Amino acid sequence: MIAFILTFFLSLFVYLVLTAGSGNLGLWSASELTAGVVLSLVTAAVARNFLCRARNYRMANPLRFLLIPVYIIGPFFIEVIKANLDVAYRVITMRIRPGIIRVSSDLKSDLGIFMLANSITLTPGTITVDIDEDTHDLYIHNINVGEGDEAKPVIRDHELFSLANLPRWIRRIAE
Amino acid sequence: MLWNLPYIVVVLLAVIGLAIIFLKRNLIKIFLGVSILTSAVNLFIIALGYREGGIAPIYTYAASEKMVMATPQALTLTSIVIGVATSALMLSFAVIIYKMYGTVNVDEIRELKE
Amino acid sequence: MIETIIHVLVLTGLIVSAVLVYHFKDLLAAAVASGLFSFLISLEFYILQAPDVAISQAAIGAGLTTAIFILAIRSTKRYEEDAP
Amino acid sequence: MRKELSILIIIIFGLFLGLIALDLTFGDPDNTAMDDYFIQNGQEQAATNNIVTTIVFDYRGFDTLGESTVLFTAVIGVALMYRKLVKGDADENE
Amino acid sequence: MRMSKIVRFAADVLFGAIVIFGLYVIMHGHLTPGGGFQGGAIVATGAALVIVAHSYEEVIGMIKKAVLMAQESAGLVMFAGVALIAIGLGTTFFFNFLANSGSLFGMTVPFGPNPGELNTGGVLPLMNIAVGIEVWGGLAIVILYMLSGIGKKEEA
Amino acid sequence: MIDPFYPAVLVLVILICLCFIRLFLGPTAGDRVIAVDTVNTLTVASLVILGLIYREVIFIDVAIVYALLSFVSTLYIAKYLGGEL
Amino acid sequence: MIAEWIIIIFLAIGVIFNTLGVIGLLRFPDLYTRMHATTKATTFGSVFTTLAVIVYSISLYMSTIDSQFIVLGVHALIAALALAFTNAVSSHAIARAAHRSGVLPSPAVVDRLKEAGR
């Protein structure tokens, strides 16, 4: 039931964003609002077992949702810019030292692992290659393995990021 | 301005699709050729209805502007969805043939059928 | 002028991807090239001012056609053997 | 022998299509009376903005009925074929 | 077999978004590009996304073939039924009897890219919904059956 | 003030054509798949800019469909390549 | 006026990073390093070209109070978000599939995943 309500509100939010600027009730017209409610009910009936598969309702708190845009605009974006300059440098000079290393994190929830994996893929010269389903260790391909990193069996997650401590942000959001 | 380059491209695509159908012996490859041929025909129908400098046949601004012809688009629209269903049907034939004969090469199938 | 160049480039890409479908012996690569052909023909419909058809082709060609071909290749075999 | 014949047929067919294609003009269609009628009257007759949908479901709705029947039939064909192919699968869904 | 945890989570999140977007495309078929065929194809592709991310056994528990088959038939019947109502009212087959009538879906439409006037179009929104339901069920069941063909093959 | 968009979309389309080289050469199937993935990304970008050039707001929907659904075919190919299908 | 310069700068950043991504796709030695170029650089570049469109729509909305430019900006934003989301996941899927299918990183100083035997 909670899953149904959560899916309903999320899909209603998406629908209202899609139809913003259509009328004069706020930004929406009356028929759009009615259709949004009906279609969101249909979506909730279809997709209620998918969105909240883990039955973990910690993310139902709206304050955590508001942190996600802050995370994306703030520390994540800075890291993205740095990573892209790094990739541009390596494309031009071809100075690479690749390898697959193992990174451990103490994140437990699905959303946390997901956000960490996507942040790793998009930011610091690394790509998530595989994930250990039990211990949640990530195997990542690093384009420039740091000196001495190839000898260590496991690297902590915050050692990858130099400018902002992204794992701490993710822990604040998702755990 | 473009002369009739799109039609030439349609002809080339049709020739490539026919070449795949005639010259290749693998059933799945032949069905890829059929889908290319279908796309070529769709592109031909859409290109027939194009007007130079026209806009899409949806009234976002006032009427009385030059609009692209709408009937070809309506015909193509349904044909694409039908195309995927029929290609699924063809591919399931191919899967059944593979189950029965152990190959998807049309020559070998013809020999095995004798 | 630039519109014409874009148009010509997209049409060239269409022909090249179709030729690649003919060329590949690996059926998986041929299916990938066929997916690329679908994407480009959707872009071509978009340029020809047919957004309805472009949505249809994007949904069908981007997702379903490639998926169906991959499933069929998985059900049969991957490599097209050379005909004598 | 068969391969050469196929290539010959393809070349002849391609030349035939090419001759047709050289005759047509791109960007300036000839017979547009029907489309002009649809474009000018579709909006007030069916109260829609999208002329393509109007043609698909209103002016040429009969076509669409036929095509959706074709879709239905093709899907039923796939379903029947695979249901025969996979024997043990039939009992878990009925 | 199923894909990794990241892909599964992404598929679960995206499925809802794709379904609501497909319904948006179906519902706005008479105002913006889109309609029953496109929206149904989008939702069916969302179903294909869920199918690919999980294993076949899990998918069988989540998506029922009988429901999809019933959905497809219901869409076709609804489509023909809306067309037949027009005959019952004494007009021709596929006559747009609701347009400009002032009742449900009967308003006239202004010009504009996204005017929010969903309450227009006569029977066209009904037909869009019917065709959307049909295409959704049909294409999803094609993917599901084609997956079932390879589920048992390799072990034999 | 629509001028800078035309050269941008021209460059994007040229880049799409350059991706064919990797599609043709790519030693493994994975290389071909990432070439197609790059083409998807570039196509979405050029679709958005073209929609602005045509001054048609409703055309952007096509780009959203594209961005959401090209993912599915990539996943199918990846699942097949990984031997999990 | 400021908006024009912002648009030009954003478009330039986008186009430059897209170009670098494609050059990396053509130049790098093996699949994983190519994937670095395509995933990061092209996603970043495409998001920036989309941001240019959003800035343009905002400036148009400021000058002409027309609600269709809200629609333009919001839909372009959704397209950019969808692009970033799906690109990250699909590159992970391809990398995992390639490693499972036996394509190992050819110049590599260390490969923990192969040592883990998976």
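**Entry 1: chains G and A**

I looked up the area buried between chain G and chain A in this predicted model, and I found about 3700 Å², of which carbon and sulfur atoms give 72%. The contact draws on 43 residues from chain G and on 46 residues from chain A.

I then asked which elements of chain G give two or more residues to the side that touches chain A. They are helix H1 (2-27), helix H2 (31-63), helix H3 (68-100) and helix H4 (112-115) of chain G, and the largest share, 14 residues, comes from H3(G). Sorting that side of chain G by class, I noted 27 nonpolar, 10 polar and 6 charged residues.

How many salt bridges are there between chain G and chain A? The count is 0, although the rule does find 6 residue pairs in polar contact across this interface, both residues being at pLDDT 80 or more.

**Entry 2: chain G on its own**

I turned to the secondary structure of chain G, which holds 4 helices and 0 strands, and which follows the pattern α-α-α-α when read along the sequence. The radius of gyration of chain G is 19 Å, whereas the globule rule gives 13 Å for 118 residues, so chain G is more spread out than a compact globule. Along the principal axes, the C-alpha atoms of chain G fill a box of roughly 60 × 25 × 15 Å.

**Entry 3: chain B**

I looked up chain B in the same way, and its secondary structure comes to 4 helices and 0 strands, with the elements running α-α-α-α from the N terminus on. Why do I call chain B more spread out than a compact globule? The reason is that its radius of gyration is 19 Å, well over the 13 Å that the globule rule gives for 114 residues. The box that the C-alpha atoms of chain B fill, taken along the principal axes, is roughly 65 × 30 × 15 Å.

**Entry 4: chain A, its elements and domains**

For chain A I noted 5 helices and 4 strands, in the order α-α-α-β-α-β-β-β-α along the sequence. Its radius of gyration is 20 Å, while a compact globule of 175 residues would have one near 16 Å. The C-alpha trace of chain A spans about 60 × 35 × 25 Å along its principal axes.

I also checked how chain A is divided, and the domain assignment gives domain 1 (2-53) and domain 2 (62-174). Taken over C-alpha atoms, the centres of these two domains of chain A are separated by 33 Å.

**Entry 5: a salt bridge inside chain A**

Over all chains the count comes to 5 salt bridges by this rule, and I followed up one that involves Arg90(A). Which residue does Arg90(A) pair with? Its partner is Asp86(A), and the closest N and O atoms of the two are 3.3 Å apart, which means that the pair falls within the 4 Å that the rule asks for. As a general point, side chains of opposite charge can pair when their charged atoms come close. I then placed both residues in helix H3 (residues 62-93) of chain A, where Arg90(A) and Asp86(A) stand 4 residues apart, about one turn of the helix.

**Entry 6: chains that do not meet chain A**

I checked chain A against chain C and found that they do not touch, their nearest C-alpha atoms being 17 Å apart. Between chain A and chain D there is likewise no contact, and here the closest C-alpha atoms lie 15 Å apart.

**Entry 7: chains E and C**

I ended with chain E and chain C, whose contact takes 15 residues from each of the two chains. Together they bury about 1300 Å², and 77% of this is on carbon and sulfur atoms. Which residues of chain E lose the most area to chain C? They are Gln38(E), Met146(E) and Ile150(E), and together they make up 36% of what that side buries.

Across this interface of chain E and chain C the rule finds 0 salt bridges and 2 residue pairs in polar contact, both residues at pLDDT 80 or more. The elements of chain E that give two or more residues to the side touching chain C are helix H2 (36-53) and helix H5 (124-151), with the largest share, 6 residues, coming from H5(E). By class, I listed 10 nonpolar, 3 polar and 2 charged residues on that side of chain E.

Key
Residues numbered from 1 in each chain as written. Chains lettered and ligands numbered in written order. Predicted model: local features only at pLDDT ≥ 70, side-chain atom pairs only at ≥ 80, totals over all residues. Heavy atoms only, no water. Contact = heavy atoms within 4.5 Å. Buried area = accessible area lost by both parts, 1.4 Å probe. Salt bridge = Lys/Arg side-chain N within 4 Å of Asp/Glu carboxyl O. Polar contact = N/O pair within 3.5 Å; in protein donor to acceptor, adjacent residues only side chain to side chain. Nonpolar A, V, L, I, M, F, W, Y, C, P; charged D, E, K, R; others polar. Domains from an automatic or database assignment. Rg over C-alpha atoms; globule rule 2.2 N^0.38 Å.
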